[in-house]
Amino acid sequence: MNISLEPARLLPLDIVRLAAYGLRARPLRVVLSALGIAIGIAAMIAVVGISTSSRAQLNQLLGELGTNLLSAGPGTTMFGEAATMEPEAIAMVGRIAGVEAVTAIGLLPEAKVYRTNRIPPSQSGGIAVYAARLDLLDTVSARIAAGSWLTPATASFPAVVLGSRAASRLGIGSSLIGQPIWLGGRWFTVVGILEPVSLVPLLDLSALIGWPGGKAFLDFEGDITTLYVRTDPAAIESVRALLARTANPEQPNEVDVSRPSDAIAAEAAADVAFTGLLLGLGAVALLVGGIGVANTMVISVLERRAEIGLRRSQGATRGHIRLQFFGEALLLALLGGGSGIVIGAIVTAGYARLQGWPVDIPLWVAGGGMAATLLIGGLAGLYPAMRAARLAPTEALSAT
Amino acid sequence: MSDAIISLRGVTRAFAGGVFGLRDVTLEIARGELVAIVGPSGSGKSTMLNIIGTLDRASSGTVEIDGHDVARLKDSDLSALRARRIGFVFQHFHLSPGVSALDNVADGLLYTGVGRAERRRRAEAALDQVGLAHRLGHRPHQMSGGEKQRTAIARALARRPALLLADEPTGALDSSSGEGVVQLLLELHRSGTAVVVITHDRDLAARLDRQASMRDGELVDDRRRTA
Ligand SMILES: Nc1ncnc2c1ncn2[C@@H]1O[C@H](COP(=O)(O)OP(=O)(O)OP(=O)(O)O)[C@@H](O)[C@H]1O
Ligand SMILES: [Mg+2]
């Protein structure tokens with residue numbers, strides 16, 4: 001038969017209104033079931049946000065420090081002894097094309113450091129003494145926390161600059177600049193303390209004295225332990241290839257060449273596995289939240305049979321009923337997901353600020369959270385909506 | 001278009017378990033007619049009203065409503081028929097709790113595809129028509145039973161149905177509120193709407209033009225008022 005009637009119609013805006021009406025009527029239940037989704041989404045956003053913020057901080061650090069530093073460290077000799085390089089290596093490495101700066105430190109293996117001369121020799125605290133070139137500070141992007149760096153004048157005196165951990169081990173705060181310490185069997189004056197050196201952490205537990213001072217007071221012969229080389233960023237690989245051979249032409253295999261920034265980059269990549277684990281937990285929370293929404297919707301359909309019957313008697317099609325409950329589940333999930341994103345962002349921002357990191361929540365995370373929410377809401381709403389639509393009008397109306 | 005708004009021919013409704021709600025009922029109701037359906041409890045009155053209202057389908061026989069053979073309509077067409085042509089009034093009102101009288105009536109137009117402003121405008125007119133212009137903002141729990149049923153009638157008539165089906169509309173009301181509701185139904189009939197009322201109230205039935213009596217799922221008597 002050809003029906004001449006205008007079909008029953010439900011305006012799109014009214015679908016949204018119906019969904020909102022359904023939720024408004026049961027606020028407590030809505031809050032509780034949205035909470036499950038909110039916790040899941042918040043956990044996922046916070047996990048990803050904190051991890052990306054941490055990476056952003058490391059990348060920012062790399063940007064500041066530069067990735068164009070190479071170190072040519074002492075390997076071991078064939079006989080297992082610590083190798084060194086000839087003093088001429090500095091000049092020779094400086095002639096490699098693309099090298100912008102070269103500096104060096106030389107270990108004084110015999111020299112020990114004590115707060116005073118009355119401390120027994122066994123308690124040396126593990127602080128290594130190096131003779132340092134004056135351009136070390138700039139080349140490895142180190143910074144002075146207190147006092148000053150060695151100058152051409154103080155480099156020839158018994159003056160010492162302490163790494164950050166060395167200073168705290170000796171119990172020397174910034175107020176003790178100018179104090180003497182017992183170093184290599186004589187008194188040296190502390191002239192400066194370094195901030196932690198991110199690129200060369202071994203300097204943190206070091207006492208640095210001037211190159212000429214080492215020769216004058218501690219029998220330093222000028223042999224190089226480690227070279228630090230800044231290169232033109234474009235030339236880093238070519239310099240790297242030549243470095244060992246140039247630094248020690250006779251025994252190039254005794255030189256360990258490395259790029260200190262690689263350690264920081266590795267750290268940035270390291271927490272990915274951990275992040276994956278936490279993300280999985282967040283996903284489980286989200287799933288549980290989705291089940292909560294489905295449960296709420298099933299109960300809602302059971303309770304609202306009379307309403308469904310009334311709507312059917314007023315001309316609602318099965319499709320309209322399905323849309324209404326599906327829309328309600330989606331809206332419920334969106335409420336949870338939306339607040340989850342906000343909570344996750346707040347947690348991330350709070351944690352990052354506490355750590356002094358830049359806050360970095362990628363857009364795809366928020367987008368992914370929204371998509372996950374819609375998916376969960378949709379899945380959770382599907383079955384209850386079908387059930388509501390399948391209800392026979394007479395059966396629905398007879399429910400009270 | 002045929003004169004009959006309702007035409008049942010040999011309609012049977014068998015429920016699961018061998019219960020017959022209707023047995024071989026043949027009944028024709030003309031456009032604009034006013035009919036009472038009476039009969040003892042369990043005699044099949046509501047079953048018949050549900051089938052007339054296209055909320056339920058006959059097991060056998062032919063049901064034609066407003067010229068449409070219901071058996072050949074799909075769900076969306078039946079919904080269209082209900083949305084455009086049929087109004088229902090229930091014994092227990094079926095108003096949405098927590099929603100004002102105005103919005104309860106306006107929501108009755110939800111599935112006609114009319115915008116909200118227009119729905120409210122029509123709802124206000126309908127409430128005015130049932131004498132509830134002063135109760136627009138009242139929610140169901142703030143209204144008397146009679147007011148609730150008048151709101152439900154306003155909801156049905158806001159769609160300007162060709163057919164109004166009422167299942168014991170005065171059953172939950174005292175006699176004076178019931179009388180108000182009856183007056184509204186009579187008025188609706190005078191304005192041209194076909195009205196079918198199920199009632200247990202003999203006096204009410206006697207005031208309507210035609211009485212159809214049911215027993216055990218069968219139409220046992222169908223008489224017009226002679227007076
Ligand atoms: N869904 C159903 N399943 C099985 N039997 C049903 C169903 N609906 C109604 N019946 C039966 O059909 C018969 C007619 O029921 P109906 O509701 O039409 O009676 P009624 O005349 O409206 O009675 P009342 O005056 O009490 O409302 C009854 O015996 C009833 O038990
Ligand atoms: Mg009944």
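Hi everyone. Let me begin with a term: a helix crossing is called right-handed if the near helix is turned clockwise from the far one by less than a right angle. With that in mind, α2(A) passes α12(A) in a right-handed crossing. Please remember as we go that this is a predicted model.

So, who touches whom at that crossing? From α2(A) we have A:Ile37, A:Ile41, A:Ile45 and A:Val48, and from α12(A) the partners include A:Trp364, A:Gly369, A:Thr373 and A:Ile376. Sorted by class, the residues of this contact are nine nonpolar and two polar, with no charged ones. As for geometry, α12 of chain A covers residues 363-390, and its axis comes within 10 Å of the α2(A) axis, at a crossing angle of roughly 155°. Angles over 145 degrees count as roughly antiparallel, and therefore α2(A) and α12(A) are roughly antiparallel to each other.

Now stay with α2 of chain A, residues 27-65, and look at its meeting with α8, residues 261-270. Here the axes come within 9 Å and cross at roughly 165°. α2(A) and α8(A) are therefore roughly antiparallel as well. Which hand does the crossing of α2(A) and α8(A) have? That crossing is left-handed. On the α2(A) side you'll find A:Arg55, A:Leu58, A:Leu61, A:Leu62 and A:Leu65, and they meet A:Ser261, A:Ile264, A:Ala265, A:Glu267 and A:Ala268 in α8(A). The class count for this contact is seven nonpolar, one polar and two charged residues.

Let's zoom out to the whole of chain A. There are 13 helices and eleven strands in the chain. The chain splits into domain 1, made of 12-62 + 265-398, and domain 2, which is 68-259. Between the centres of those two domains lie 56 Å. The C-alpha atoms fill a box of roughly 110 × 45 × 35 Å along the principal axes. For the radius of gyration, chain A has 35 Å, while a compact globule of 400 residues would come out near 21 Å.

One last stop, over in chain B. Helices α5, residues 145-157, and α6, residues 175-190, have axes that come within 9 Å and cross at roughly 15°. Angles under 35 degrees count as roughly parallel, so α5(B) and α6(B) are roughly parallel to each other. Their crossing is right-handed. Among the residues that meet are B:Ile153 and B:Leu157 from α5(B), with B:Val181, B:Leu184 and B:Leu188 from α6(B). The contact divides into six nonpolar, three polar and one charged.

Technical notes: Residues numbered from 1 in each chain as written. Chains lettered and ligands numbered in written order. Predicted model: local features only at pLDDT ≥ 70, side-chain atom pairs only at ≥ 80, totals over all residues. Heavy atoms only, no water. Domains from an automatic or database assignment. Axes fitted to C-alpha atoms, helices over the stretch in contact; angles between N-to-C directions. Helix = DSSP H or I, 4+ residues; strand = E, 2+ residues; numbered from the N terminus. Parallel < 35°, antiparallel > 145°, perpendicular 65-115°, else oblique. Contact = heavy atoms within 4.5 Å. Nonpolar A, V, L, I, M, F, W, Y, C, P; charged D, E, K, R; others polar. Rg over C-alpha atoms; globule rule 2.2 N^0.38 Å.
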